[in-house]
Amino acid sequence: SFPGDPAAVSWAAGRLDLFVRDAGNDLQHKYFDGTWSGWQSLGAKVAGDPVGVSWASGRLDVFARGEAGDLWHEWWDGSRWSGQSLGGKIQGKPSAVAWGPDRLDIFARGQDSALWHDWWDGKAWGGFQSLGGVLTSDPVAVAWGENRLDVFARGGDNALWHQWWDGKEWGAFQSLGGALDSSTAVTSWGPGRLDVFARSNKNTLFHDAWEGSTWSGVEDLGGHLQ
């Protein structure tokens, strides 16, 4: 049985890879390449839901909170799986994004509830750095261009909070308002465009959008979410 939520990633047309934690905390993998494979254990022990990302054909990177509260990394290099601990002390589910080949940025909520960041530059991991803030949900990150990163989470006041990397430096956390009752989801369909969604404290769907120069402002899309 699987007590948590799965992660899905695609590195090519017609290819899907799924990852999930089983009841014994083993990281399980299943893939589709025209037909579905069986489940296989990757040999890693994790204590949280995984997240997957791909920066090239045949390349997969998977991250999850380890049993020791550290950030665990498992990767497929085109021929075999390998794994390692990246250290740190995190809670919840990390977020992973790649803005270019051989580049990875990982974000997680630390045990101090601040936003923590680690990155792979093609040669080595940078090491965890705190970006501050007080998060009350897991962060989500997205890249809409080379060397551009945007990170969102629910803050200590339950509003939507945003931090970004512009290629040179990190901007300070800013509140975008709203009253959230969940983690967020974010997507980008082009340079300078961001759409953020969450469940509001009224159990409706919350939405805000960055239109290239300004935020559209919080809107309620209705519905009844659980």
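Let's start at one residue: leaving aside neighbours within four places in sequence, arginine 59 is in contact with Trp11, Val53, Ser54, Trp75, Trp76 and Asp77, where contact means heavy atoms within 4.5 Å. Before going on, a word on what you're looking at: this is a predicted model, in which local features need pLDDT of at least 70 and side-chain atom pairs count only at pLDDT 80 or more, while totals for chains, interfaces and linings use all residues. Residues are numbered from 1 along each chain as its sequence is written, and side-chain values use heavy atoms, with hydrogens and water left out.

Back to arginine 59. You'll find arginine 59 in the loop between β5 (51-53) and β6 (60-65); strands here are DSSP runs of E with at least two residues, helices are runs of H or I with at least four, and both are numbered from the N terminus. Is arginine 59 buried or exposed? Its relative accessible area is 16%, so arginine 59 is buried; the cut-offs are under 20% for buried, over 50% for exposed and in between for partly exposed, using a 1.4 Å probe and protein chains only. The side chain of arginine 59 also makes a polar contact with the side chain of aspartate 61, at 2.8 Å. (A polar contact is a pair of N or O atoms within 3.5 Å; within protein, one must be able to donate a hydrogen and the other to accept it, and residues adjacent in sequence count only if both atoms are side-chain atoms.)

Now step into strand β6, where alanine 64 lies. Alanine 64 counts as buried because its relative accessibility is 2%. Not counting residues up to four places away in sequence, alanine 64 touches Val46, Gly48, Asp49, Pro50, Asp70, Leu71, Trp72 and Pro94.

Next, the rings. A pair of aromatic rings is described by the distance of the centres and the angle of the planes. Rings of Phe, Tyr and Trp (its six-membered ring) pair if their centres lie within 6.5 Å; planes under 30 degrees apart are stacked, over 60 edge-to-face and the rest tilted. How many aromatic pairs does a search of the whole structure find? It finds 12. One of them is the tilted pair of phenylalanine 32 and tryptophan 36, with 5.2 Å centre to centre and 55° between the planes. Phenylalanine 32 is partly exposed because its relative accessibility is 23%, and tryptophan 36, at 43%, is partly exposed too. Tryptophan 165 and tryptophan 170 have ring centres 5.6 Å apart and planes at 55°, so this pair is tilted. Elsewhere, ring pairs link Phe19, Trp76 and Trp81 into a cluster.

Strands β14 (residues 148-154) and β15 (residues 160-165) pair in the antiparallel sense over six bridges; to pair, two strands need at least two bridges found by DSSP. Their hairpin has five residues between the strands, and there asparagine 158 takes a positive phi near 70°. β15 also runs antiparallel to strand β16 (residues 174-177), joined by three bridges, with leucine 160 opposite glycine 177.

Finally, zoom out. The protein chain has zero helices and 20 strands, and buried residues make up 44% of its 226 residues.
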